[in-house]
Each structure stands twice: as C-alpha cells, then as structure tokens.
Amino acid sequence: MLMLLTACAGPGAATRDTPVVAAGEEGQPVVIARSYTLESRVLKETRRINVYLPPGYAEGQARLPVLYLLDGGLQEDFHHITGIAQLASLNHAMGEVIVVGIEGTDRKRDFTHPSSDPEDRKVLPTSGGSAAFREFLTRELKPWVEARYRTSGSAIIGESLAGLFIVETFLLQPELFERYIAVSPSLWWDQQSLAKQSVAKLKAHPAGPRSLFLTIANEGSTMQEGVDALVAALKAHAPSGLRWHYEPMPEEQHSTIYHPAAFKAVRLLFPVAPAEAPAQEASGSQAEAP
C-alpha cells in the first residue's frame with residue numbers, strides 16, 4: 001500500500017506528490033528461479049545450478065527444450081538470458097524453454113582445452129579443463145536435469161571462452177546437444193587449433209538433426225580468422241542434417257554483443273511451433289537458416 005505525504009518537512013524531504021511506502025511494508029521478494037548445489041565427483045567440487053521454468057510449466061504437461069547457459073550465475077549472464085526466455089510467455093516471439101544456468105567457478109579452466117602455446121599457459125595458468133567439464137555435463141548435470149524436469153532436447157549457449165567451449169563440444173562431441181549457440185568464440189586459443197581441425201572434425205560428424213548459431217563482434221583479426229576458418233569448413237563440409245547460421249555483428253564490440261546475439265539466436269532456434277521434421281542439410285552460404 002502506498003501513502004502520500006501532505007506536507008514538506010524541509011529540504012530533501014518528500015513533496016506532497018511523492019509516494020512513500022506505508023509503515024511496516026517491507027516489500028516481497030521477486031522470485032524468477034530456483035538455485036541448487038550439486039556435488040560433482042567429476043570436477044571434485046560443488047557447483048551451483050540456477051533453473052528458470054516458464055510460468056505455465058507447473059500447471060502444464062508439455063515437455064520443453066532445455067537451454068544450458070554457461071556463465072549462468074546470478075552475477076553472470078543468468079538474468080539477461082532468462083529475460084529473453086521470458087519473452088516466450090509474454091508475446092510468443094519464440095518457443096518456451098527451461099534455462100539451466102551453470103554458475104562459474106574457474107571459467108578459464110572449464111572452457112579451454114590444453115594449449116601447446118606457452119604464452120597461452122602463461123596468461124591462463126589454470127587452463128585445460130574442458131574435457132572434464134564436458135564430462136560433468138554428460139555424466140552428472142544433464143542426467144540430473146532430465147530426471148527432474150519434463151524435457152525435450154537440449155541446447156547450449158555461451159560467449160567468449162564459453163563460446164570456445166561450445167565450438168569444441170560441437171566439433172568433438174556433437175551428439176551432446178541438439179542446438180549450439182556460440183557468440184564471439186575465442187578461437188584464437190591454442191593458435192586457432194580448433195578452427196584448423198574443423199574440416200577433419202566435420203568430415204567425421206555423425207549425421208542427424210542438429211543446429212548451430214555462430215556470430216562474432218568486431219573482435220580484431222586473430223579471432224575473426226578463426227571464425228572465418230570454421231565458416232569455410234562449414235560451407236564445404238557441413239554434415240548431413242546440420243542446419244547452421246552465421247551472422248557476423250561488426251557493429252557490436254566484445255562487451256556489447258551477447259544480449260542482441262542471444263535474442264536473435266533464441267528466436268531462430270526456438271520458434272513458436274518448432275518443426276519436428278528432420279533438418280535439411282546446409283548449403284554453405286554466409287547465413288544458413290538453422
């Protein structure tokens with residue numbers, strides 16, 4: 001309940017038109033998600049997991065896709081990605097999703113594969129743990145989510161080093177997720193080794209419906225070269241069933257790209273009425289519909 005002051009007590013006091021909170025009214029918490037802790041045997045540490053469910057999930061019976069969010073802590077990217085997801089129930093601009101935010105502990109460790117470059121190891125001394133983090137997703141987190149919620153497929157989203165991990169997972173273990181969203185991936189890592197291996201990895205990909213959304217901001221030549229090499233490999237060797245979309249965003253910087261890119265990606269990969277038919281093979285243009 002709000003009350004209006006009818007007099008001014010002095011400089012800085014509320015005016016007659018200034019609403020003030022009624023005495024004793026402390027407000028109520030606004031809850032958009034639930035937070036859990038998982039004891040990971042793979043990583044040998046406790047990981048915090050934040051889960052957003054669409055408003056109608058509890059009363060419904062539908063199975064929904066899960067969007068796994070790297071850097072998914074409350075002080076990381078959880079709020080702005082769940083804000084995008086909430087649009088699905090507000091204006092039906094996209095299909096509803098469950099968002100599972102994985103709060104970071106050491107992202108430089110979790111999102112990087114071992115580098116042969118001494119300078120990389122100097123800059124990121126704890127790097128090289130991506131295989132263990134992927135095992136955590138495969139053996140512990142995904143089974144926990146799928147046992148707890150009504151799910152229908154999964155996607156993963158991340159930016160920068162998280163984008164690097166997503167590209168690595170897409171190339172090395174493509175069956176882990178059905179949809180991949182990599183925003184300005186740090187493909188400069190390890191002298192662009194992932195990009196250089198992309199042709200061979202794509203040639204070995206199993207067929208099957210899968211989607212990839214790839215974008216990059218105005219990042220400079222080294223990161224752009226890595227992304228360009230990956231795009232060239234996709235144009236020439238996209239496996240059967242892969243639907244991919246590359247949309248560079250040169251008007252954005254590293255610090256500004258994530259939100260607009262995530263909005264485009266989620267709308268594209270989670271349409272209001274997702275087609276259940278097998279995906280069509282990409283033909284290799286600059287922007288391929290996923």
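Predicted model: local features only at pLDDT ≥ 70, side-chain atom pairs only at ≥ 80, totals over all residues.
**View 1. β3 and β4 each give at least two residues to the lining of the second largest pocket.** The volume here comes to about 220 Å³. Of the 14 residues lining the second largest pocket, I32, A33, R34, V51 and L53 are the closest to its centre. Sorted by class, the lining of this pocket has 12 nonpolar residues and 2 charged ones, with no polar residues.

**View 2. Eight strands make an open sheet with mixed pairing.** Reading across the sheet, the order goes β3-β4-β6-β5-β7-β8-β9-β10. The edges belong to β3 (34-40) and β10 (242-246); each has a single partner strand, so one side of each is left without a neighbour in the sheet. On average, neighbouring strands in this sheet are turned by 20 degrees against each other, direction ignored.

**View 3. Strands β7 and β8 run side by side in the parallel sense.** Pick out I156 and you'll find Y180 of β8 standing opposite.

**View 4. β8 is a strand largely enclosed by the rest of the structure.** What backs that up is a simple tally: 5 of the 5 residues of β8 are buried. Which way do the residues of β8 point? R179, I181 and V183 go one way, while Y180 and A182 go the other, and all are buried.

**View 5. Two helices, α1 and α8, each lie across several strands.** Helix α1 (residues 78-91) lies across β4 (45-52), β5 (64-70), β6 (98-102) and β7. Against β4, helix α1 runs at about 30 degrees. Helix α8 (residues 258-269) lies across β5, β7, β8, β9 (210-215) and β10. Its angle to β9 is about 155 degrees.

**View 6. Q173 sits in the loop between α5 (161-172) and β8.** Is Q173 buried or exposed? With a relative accessible area of 19%, Q173 falls under the 20% cut-off, so this residue counts as buried. Leaving aside residues up to four places away in sequence, Q173 touches R134, T138, E168 and Y180.

**View 7. D190 has a positive phi, in a residue other than glycine.** The phi of D190 is near 55 degrees, and D190 lies in helix α6 (residues 189-203). At 10% relative accessibility, D190 counts as buried.

**View 8. Q191 also has a positive phi, although it is not a glycine.** For Q191 the value is about 55 degrees, and helix α6 is where this residue is found.

Notes:
Residues numbered from 1 in each chain as written. Heavy atoms only, no water. Pairing = 2+ DSSP bridges. Helix = DSSP H or I, 4+ residues; strand = E, 2+ residues; numbered from the N terminus. Axes fitted to C-alpha atoms, helices over the stretch in contact; angles between N-to-C directions. Contact = heavy atoms within 4.5 Å. 1 Å grid on protein atoms, 1.4 Å probe; cavity = no way out; pocket = protein on both sides within 12 Å on 5 of 7 lines; lining within 4 Å. Points joined across faces, edges and corners; volume = space filled by probe spheres on them. Nonpolar A, V, L, I, M, F, W, Y, C, P; charged D, E, K, R; others polar. Buried < 20%, exposed > 50% of the residue type's maximum accessible area, 1.4 Å probe, protein only.
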